[in-house]
Structure formats: structure tokens, C-alpha cells
Amino acid sequence: MTDFQPKSLCNVVYKLISKTIANRFRAILPHIISENQSAFIPGRLITDNVLVAFELMHFKNHKNAGRDGYMAAKLDMSKAFDRVEWCFIKGVLEKLGFNSKWINLVMRCISSISYSVIINGAACGNIFPTRGLRQGDPLSPYLFLICTEGLFALIHRAIRNQRLTSISTCRGCPRVTHLLFADDIILFCKASARESRELRNILQKYEEGSGQKINTDKSSIFFSPNTTQDTRDEILATLGPMQDTRHTKYLGLPSIIGRSKKSPPPPGFHKINIDGASSESDNCSSVGVVIKDCWGQVVAALCKPLQACYPAELTEIMAVEQGVLLAQELQLPSVIVELDSSNAIQAIHEKATGSSFGHLIQEILQASESCETCLFKHLNRNFNSVAHELAQHAIRTGSQHLWKGVTPPAIVPFLQADMM
């Protein structure tokens, strides 16, 4: 039954009554509906939410430093209009101070519905529902907005009690925790286990009262780059099986816009991004390698912990060796190897086989001869976050992983920041 969509067949008399009530609602909605909701309200535009969301996502996307990370949860409501409980609408109308006669008139309108099931072209039986708003009814959009005020009230109470933290792009700027356009919801708060639990409790209360249901399969969370992987995993475990990804679009428009930070390789080339990492506390070094084609698709990736904690330059050289060997294994004809260590690049260009790590340079040069073209280039560290995250992943897990033809889940949030 989840694939069936009820069709509203309202007669002329009902539509005249419903339209009259809707027009009366329309006049007072700007005074009772929160400013965060921009749908169906006179004087409010869809572009208002788009612009605010763009500024907030741009701020979060560049939040690379600081102790506190932030997150944006984009929520998808499953069959939003069909699941609204009538008793919840009545309760919200009473809390907003509407007269009992007006409330009874509205409830008589929404409860006058009945359904029939068409089987082999014939309508069979009568079904009298106890919840849901008719799509196509002039009154339904305004009643749904009133329903969402229940969610706003829960969020505002959590903010007053300092259980949720709103986000601001600069000092003195208005703080924002949520934006809505009808049932399109995006929530902002600190990326912490405590606030994720509070957000889960708010959504559970709203679901129980209103009948709404969050579709976690279509919902997603975007974390600021300074949020640790352990924190991300804990939050995703708390809120459910949501995707850890960037919201590329909001209300049909790009939520993050920026120029390409790196030029793509020529057609036929593959780009290999490489990085090494060391942790004195874990007494371990590691390497991270990601190979992408000229369209930016991940072809292969590798993370590997090393046997000891090595100096930074030596770790970078060992990372280059692993990257070139992986390219040799994949039989890639033309590659561009990028890393953020200028000393390692210089040692390879000068063929410093007489240095303390000359044997590694020799192996790199021999492996690179299997390619028709193999170029080594220096890359700014800020644009090498994917390979760096893979190296850190090897330290955290203490195990080696090789992915071919699939994207490692750990690097999905970093792929757009590390644009080709």
C-alpha cells in the first residue's frame, strides 16, 4: 500500500468552503508561523531559504579549525501530508489561541473525507481515515504549516534550555537552527554526541505526536571538516542510518558553490593523490593513496599502517612507493602523482638513489617505468584531504585496506573538498 497515492476528489461546494477558510488563514499566517518557514506565506520567498542555507553551508564547509564542529541534517519526511494526525492539528490550533468554533469548522473539513479503492476500473468499499491531509485541498498547505509549528516549539525549548546550539556565520549575526520550506527540513547544530541525542529525542517526540516519519534512507548529514571521524560515527549511530555526505543541492539549487581548486588531468590520464601520516602517541606511521580518473571518479584507494613511526620525509617517500606500485598493479598507462612534500618531490626528480632512502627512490623509478607517462607534482596540503584522511584511517583502524572500483566510506565527505 505504500506505493499507492490517494487522489482528492473535492466537490465544488466543499472547495468553496475550504477556499474561504484558507483565505482567512492566509491573512494571519505571517503573524503565527515562524520566520524559518518560507512556504505558502505571503511576502516570503523560496529564495530566502536558499540564500540563508547557502551562507550557512559555505561557513560550515570552511570550518577547518577549532574544537567544535558543526553539522547540518537534511531530513526527508515520508508521505508528509498523508501521515498528519488530526488530533495533533487540533492541539496545535488550540495552543495558538484559535477560537473553538473556528477549530471545529476546520476539523469538520478535514474529517469529511472517505476513500474508495478502484479494482478493475470499479470503485469498491468506503474507507474512513483518521489522519492525513488531502493534497489538492486549498486548506491542506496551511494546516501542514501549523503542524510544523509543533516541531519549532520543541527546537526553541531545547535552545532555551541550552541543549541545542544554533549556528552563526559571524559575530553579531542572527543565529539559525532550522530552515523549512513546507516539508523540506534542514537542521543546524553542534556536531556532538550530546546534541545529536537531543535532536533524536526532539524528532521522536514530533513523530509520536504528529504522525510524521523521518525517512532515514533519504536523509543525510553534512559535517564541518574539523569534525573527527569518531564523532561522526557516534552521531550517525545515534540518529540512524543516514548518509554522511555533503548536501549538493537544497530546494533544487546548489548549496555549495566554488571554483575548481585543481585542474583535471588530461583525457587518458589518472591522478594519484598520496599522503603519509605519523602518530607519536600510537608509535605508528601510515600511508594513504587514492587514484581518480579524468572525470573525478575513484578508481582505487589504499590505506596502510607501517611497522614503526618514521620521519615525515621518509613516510612520504614510502607513500609514493605504494602509490606507484598500485598504479603498476592496475596497469595504468599515464599517471600524474601528486603529494604535498616538496622534499620528496625533489628527491625523486633528482633521482637521489645515494640518499638514506635511495633504495625506495630506486623502486619508485623502476615501478614508474611500467607506465608510458609518469609525472610527479607538488600539491598544496589543503587540497590533499582525501589522501590524508586515508592515512589517518589506517592509524585509527591499525589495518590495511584496498578498495578497487568503490569509494571508501571514510573519504566520502572529503571528496568534494578535494576537487580535481
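A nonpolar core is a set of buried Ala, Val, Leu, Ile, Met, Phe, Trp, Tyr and Cys residues joined through side-chain atoms within 4.5 Å; buried means under 20% relative accessible area, with exposed over 50% and partly exposed in between (1.4 Å probe, protein chains only). The largest such core here has 58 residues, and Phe 25, Met 71 and Ile 221 have the most contacts inside it. This is a predicted model, in which local features need pLDDT of at least 70 and side-chain atom pairs count only at pLDDT 80 or more, while totals for chains, interfaces and linings use all residues. Residues are numbered from 1 along each chain as its sequence is written, and side-chain values use heavy atoms, with hydrogens and water left out.

**Cores**
- A second, separate core has 32 residues, including Leu 306, Val 337, Phe 357 and Cys 374.

**Helix H2**
- Helix H2 (residues 46–61) has 16 residues and should span 22 Å at 1.5 Å a residue, which agrees with the 22 Å between its end C-alpha atoms; the expected span is 1.5 Å times one less than the number of residues.
- The buried residues of H2 are Asn 49, Val 50, Ala 53, Leu 56, Met 57, Lys 60 and Asn 61.
- These residues lie on the same side of H2, because they cover an arc of only 140 degrees around the axis (the arc of the directions from the helix axis to the C-beta atoms).

**Met 242**
- Met 242 sits in the loop between helix H7 (229–239) and strand E7 (243–244).
- Its relative accessibility is 9%, so Met 242 counts as buried.
- Met 242 and Leu 75 are 167 residues apart in sequence, but their C-alpha atoms are 9.3 Å apart in space.
- Beyond its neighbours within four places in sequence, Met 242 is in contact (heavy atoms within 4.5 Å) with Leu 75, Ile 214, Thr 216, Ser 219, Ser 220, Ile 221 and Leu 236.

**The six-stranded sheet**
- Six strands form an open sheet with mixed pairing, in the order E14-E13-E10-E11-E12-E15; two strands pair if DSSP finds at least two bridges between them.
- Strand E14 (373–378) and strand E15 (401–404) are at the edges with a single partner strand each, so one side of each has no neighbour in the sheet.
- Strand E10 (residues 270–279) and strand E13 (residues 334–339) run parallel and are joined by four bridges.
- Asn 273 has Glu 338 as its bridge partner in E13.

Terms used: Helices (H or I, at least four residues) and strands (E, at least two) are DSSP runs, numbered from the N terminus.
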